[in-house]
Amino acid sequence: MMSSAVYHMDDKDSGPFTLRICGTSEYISTIMTDSITTTKGMDSKAALRFSTIEEALEVADQVWEIEERRISIEPTLLF
């Protein structure tokens, strides 16, 4: 299965990571079985953060299954 997320290969060891909805400044803040919520801006403390690229990819695929939204996985300095 092709991933629903994009990321730079050079960043794969640069976690923690946030999940941004492609084409927006919205970051995933919660994910439930039937919905997601977002927050504005990478520096928002509400944005979910993941220690590894594998964790971020797994959740990005869940976002796709729930709302068919593509995700950009981005490294962040906040954790």
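**Strands, helix and charged pairs**

Analyst: A hairpin joins strand E3 to strand E4 through 4 residues. Keep in mind that this is a predicted model.

User: How many bridges join E3 to E4, and do they run parallel or antiparallel?
Analyst: There are 5 bridges, and E3 and E4 run antiparallel.

User: Which residue is the bridge partner of glutamate 26 in E4?
Analyst: Lysine 40. Their side chains also meet in a salt bridge, at 4.0 Å from N to O. Glutamate 26 is in strand E3 and lysine 40 in strand E4, so the pair ties together parts 14 residues apart in sequence.

User: Is lysine 40 buried or exposed?
Analyst: Exposed. Its relative accessible area is 58%, and the cut-off for exposed is over 50%.

User: How many salt bridges does a search of the whole structure find?
Analyst: It finds 3. One of them joins arginine 20 and glutamate 74, with the closest N and O atoms 2.6 Å apart. That pair links distant parts of the chain: arginine 20 sits in strand E2 and glutamate 74 in strand E5, 54 residues apart.

User: Are arginine 20 and glutamate 74 buried or exposed?
Analyst: Arginine 20 is buried, at 19% relative accessible area. Glutamate 74 is buried too, at 14%. Buried means under 20%.

User: And which residue does glutamate 67 meet in a salt bridge?
Analyst: Arginine 69, at 4.0 Å from N to O. Glutamate 67 is partly exposed, at 31% relative accessibility. Arginine 69 is partly exposed as well, at 28%.

User: New topic. What about arginine 49, where is its place?
Analyst: In the loop between E4 and H1. Arginine 49 is buried yet has no salt bridge. The nearest side chain of opposite charge is aspartate 43, 6.9 Å away.

User: Then what does the side chain of arginine 49 reach?
Analyst: The backbone oxygen of serine 44, at 2.9 Å. The arginine 49 side chain also reaches the backbone oxygen of alanine 47, at 2.5 Å.

User: On to the helix. What span should H1 have?
Analyst: H1 covers residues 53-67, which is 15 residues. At 1.5 Å a residue it should span 21 Å, and its end C-alpha atoms are 21 Å apart, so the two agree.

User: Which residues of H1 are buried?
Analyst: Ile53, Ala56, Leu57, Val59, Ala60, Asp61 and Val63. What covers them includes strands E1, E2, E3, E4 and E5.

User: What follows H1?
Analyst: Glutamate 68, with a positive phi near 50 degrees.

Key: Residues numbered from 1 in each chain as written. Predicted model: local features only at pLDDT ≥ 70, side-chain atom pairs only at ≥ 80, totals over all residues. Heavy atoms only, no water. Helix = DSSP H or I, 4+ residues; strand = E, 2+ residues; numbered from the N terminus. Expected span 1.5 Å × (residues − 1). Buried < 20%, exposed > 50% of the residue type's maximum accessible area, 1.4 Å probe, protein only. Contact = heavy atoms within 4.5 Å. Pairing = 2+ DSSP bridges. Lys, Arg positive; Asp, Glu negative; His and termini not counted. Polar contact = N/O pair within 3.5 Å; in protein donor to acceptor, adjacent residues only side chain to side chain.
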